[in-house]
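Please look over the sequence and the structure before reading on.

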Amino acid sequence: MLENIRLSFQGILAHKMRSFLTMLGIIIGIASIIAIVSTIKGTSDQIRRNLIGNGNSKVEVSMMQNGYKVSVSEADSTKIPILTDAMVEEMEALPGVDIVAGYYDSNVYSGVYYKDKSVEGLNILGTDNRYLEIEDYVVTKGRKFIERDFKEYKNVCIVTRDIATSLFEGENPVDKTIEIYGIPFTVVGVVAQEDNFDMNVESVAEWYTYFGTDNAGAVIIPKVLWQELFAFDKPSNLVVRADSVEDMSTAGKGVSDYMNQFIKTETDDAVTYKAEDTLEKARELQELSNSTNSQLIWIASISLLVGGIGVMNIMLVSVTERTREIGLKKALGARKGVILGQFLTEAAVLTSLGGLIGVGAGIGLAFIISKAAEVPVSISVPAIAVSVIFSMVIGILFGLLPSIKASNLNPIDALRYE
């Protein structure tokens, strides 16, 4: 075998240009497949990161009606349960659930002022520190809520970093007073979400796919003060942190089913709790991406077929050129299997070498596409291994006919050949 491999390399080096042109179809095919697979994998990984984060197993459980999210102000507390601490404890005992937090939210376009300045399009959230923990908010200035804020109904609030920038314009917001619908609140802290992953959003459509909303930030108040601002005690939405990313679907469904058992109305258009299954959304987007790009793989595979035909052609030429050599070997006692093995090895080495060059070209092409088209790329090691093995198989399959022809030559006729 080693001798056959050595002879194969001698033959390739003896006809460098011919060998390269023969390998070109294999190189183009393998390079195309590696580049496409790397782009597919990179895109799928990005979709997963954008939807479920990098280990952040958060699930939104919202009130829904006819496929649309119901705002807290629209919810009817006579038909939908008011969340209690006891209910939270029971939900946290459900399979896959780590932490549960209820929250109120209201999108406002005006009504929040610092001195004479206001910010349009922000959210007011009524919640507690559990919500901040699930949402991966970290304090950058000041503090989070403390127990006294809830027990003594203190008019305090926390603002997100973008609000601190746009509303206070460089001032330290901590201990400053803002007005929310005419009621003064003291800012006790500034928070920002941890950068668990790099969000790559390149269009408005992608923004709505991944976020579903567009706002200028949030002002967070203790949930016990919600009635002071909005004069009603309403059902709340929930956010759940699952034990792991794999438990997100289980945790979300468990919490939504738990809340729905208390809903008194059973009509088709009733408001019910529903978990946003981000894992399922990720799978759907990944399947769409894969199905689209798999067609490109089949197109690229045509290059491999063309390359295989080229290998067969050059091996037939090689058999013709070396007819006297084959006749001499057979006259000296070489068996059919030896001749067959020699030519099969040469075909396999030729295509394997083309496959290796194609892998290198494919990786380079993937990064060029990444830079030019600004799409993510993730090199797939299994795809590389399969590509090299596949190129070797192509060499064996398309080199089989010439090898059989060489092994079946009559030694006398071969020695007479000119």
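**Helix packing and confidence**

Helices (H or I, at least four residues) and strands (E, at least two) are DSSP runs, numbered from the N terminus. This is a predicted model, in which local features need pLDDT of at least 70 and side-chain atom pairs count only at pLDDT 80 or more, while totals for chains, interfaces and linings use all residues. Residues are numbered from 1 along each chain as its sequence is written, and side-chain values use heavy atoms, with hydrogens and water left out.

- Helix H12 (residues 336-373) has 38 residues and spans 53 Å from first to last C-alpha, close to the expected 56 Å (1.5 Å times one less than the number of residues).
- Glu374 follows H12 and has a positive phi, near 55°.
- The axes of H12 and helix H13 (residues 381-407) come within 7 Å and cross at roughly 150° (axes are lines fitted to C-alpha atoms, for helices over the stretch in contact, with angles from 0 to 180 degrees between N-to-C directions).
- H12 is therefore roughly antiparallel to H13 (angles over 145 degrees; under 35 is roughly parallel, 65 to 115 roughly perpendicular and the rest oblique).

Confidence
- The protein has a mean pLDDT of 78 (the predictor's confidence in each residue, from 0 to 100).
- Confidence is lowest in helix H7 (residues 204-210), at a mean of 40, and highest in strand E8 (residues 156-160), at 94.
- Where pLDDT is low, the predicted coordinates should not be read in detail.
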